[in-house]
Amino acid sequence: MTSGGICARGDGADRSPVVLGSWELASDPALRDGFAECAHAILAELVAGGAALGWVSPPSRDEVAALLDHVLSAARAGDGALRAAYLGPRLVGLGYWLRHTRPTHRPHADLEKLAVAPSAHGRGTGRALTLALIEDARTAGIEVLTLDARGDDEGALRLYRSLGFTEYGRLPDYVAVGEDRYDKVLCALDLRRRG
């Protein structure tokens with residue numbers, strides 16, 4: 001939590017994660033105004049610790065704010081979803097998906113980021129966020145929800161498999177972090193109704 005409690009909500013009880021949607025964040029000025037800063041703190045800490053979130057070094061505050069503005073704009077247009085997880089008063093995770101922009105891919109979306117603060121690992125936060133994002137995708141009429149993960153992120157891959165995502169491809173040594181190389185694992189969850 002940052003100084004001044006801007007990442008706070010609720011009564012402080014750390015039982016299980018409470019997952020809010022972008023509309024709930026927008027309706028609470030205290031949460032909305034500090035959300036970008038709190039999200040930046042989580043993302044920067046994770047990336048500094050080597051997390052596979054698409055950055056080699058921690059993103060700047062401005063970069064995170066611009067990213068969140070883009071995701072929130074897409075969510076308002078029905079082309080994305082953003083979820084935030086709280087344990088008691090603390091923001092401890094966030095995730096989002098965005099609908100593909102190519103006309104032939106519009107029925108589908110990509111779960112682009114899922115980030116959980118190290119202090120909340122092992123508490124079901126990633127699962128709660130992912131389940132909420134999957135339900136948002138179903139509600140939005142998304143047919144296939146895709147994602148990619150770094151091949152060494154076994155915890156994330158285990159979570160996604162447990163929720164029904166299947167691996168449909170792997171690009172060996174595709175992800176470059178300095179001199180290190182990791183596989184890029186491509187996964188999909190088919191949300192189409194089957195008769």
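Modeller: Happy to walk through this predicted model with you. One term before we start: a residue is buried when its relative accessible area is under 20%, exposed when it is over 50%, and partly exposed in between.

Biologist: Thanks! What share of the 195 residues in the protein is buried?

Modeller: The count covers the 195 residues of the protein. With the cut-off for buried set at under 20% relative accessible area, the share of buried residues is 45%.

Biologist: What percentage of the contacts with a separation of 6 or more joins residues 24 or more positions apart?

Modeller: A contact here needs heavy atoms within 4.5 Å. Among the contacts with a separation of 6 or more, the part from residues 24 or more positions apart is 60%.

Biologist: And the surface: what percentage of it belongs to carbon and sulfur atoms?

Modeller: The accessible surface of the protein comes to about 10000 Å². Of that area, the part belonging to carbon and sulfur atoms is 49%.

Biologist: How far apart are the mean positions of the positive and negative charges?

Modeller: The protein has 23 positive and 26 negative charges.

Biologist: Let's zoom in on strand β5. Is Arg150 buried or exposed?

Modeller: Arg150 lies in strand β5, which covers residues 144-150. Its relative accessibility is 13%, and the cut-off is under 20%, so Arg150 counts as buried.

Biologist: Which side chain makes a polar contact with the side chain of Arg150?

Modeller: Arg150 touches several residues beyond four places away in sequence, including Leu157, Val175 and Tyr182. Its side chain also reaches the backbone oxygen of Gly50 at 3.2 Å. The side-chain partner, at 2.7 Å, is Asp152.

Biologist: Thr146 is in strand β5 too. What is its relative accessibility?

Modeller: Not counting residues up to four places away in sequence, Thr146 touches His100, Ala109, Asp110, Leu111, Tyr168, Cys187 and Ala188. Thr146 counts as buried because its relative accessibility is 13%.

Biologist: How far apart are the C-alpha atoms of Glu154 and Lys184?

Modeller: Glu154 is in helix α5, residues 154-162, and counts as partly exposed at 37% relative accessibility. Glu154 and Lys184 are 30 residues apart along the chain, and their C-alpha atoms are separated by 12 Å.

Biologist: What about Ala66 and Asp33: how far apart are they in space?

Modeller: Ala66 belongs to helix α3, residues 61-76, and is partly exposed at 45% relative accessibility. Ala66 and Asp33 are 33 residues apart in sequence; in space, C-alpha to C-alpha, the distance is 14 Å.

Biologist: Last one: what is phi of Asp173?

Modeller: Asp173 lies in strand β6, residues 166-177. Its phi is positive in a residue other than glycine, with a value near 50 degrees.

Note on methods
Residues numbered from 1 in each chain as written. Predicted model: local features only at pLDDT ≥ 70, side-chain atom pairs only at ≥ 80, totals over all residues. Heavy atoms only, no water. Buried < 20%, exposed > 50% of the residue type's maximum accessible area, 1.4 Å probe, protein only. Areas by Shrake-Rupley, 256 points an atom, 1.4 Å probe, with all protein chains shown as cover. Lys, Arg positive; Asp, Glu negative; His and termini not counted. Charge placed at Lys NZ, Arg CZ, Asp CG, Glu CD. Helix = DSSP H or I, 4+ residues; strand = E, 2+ residues; numbered from the N terminus. Polar contact = N/O pair within 3.5 Å; in protein donor to acceptor, adjacent residues only side chain to side chain.
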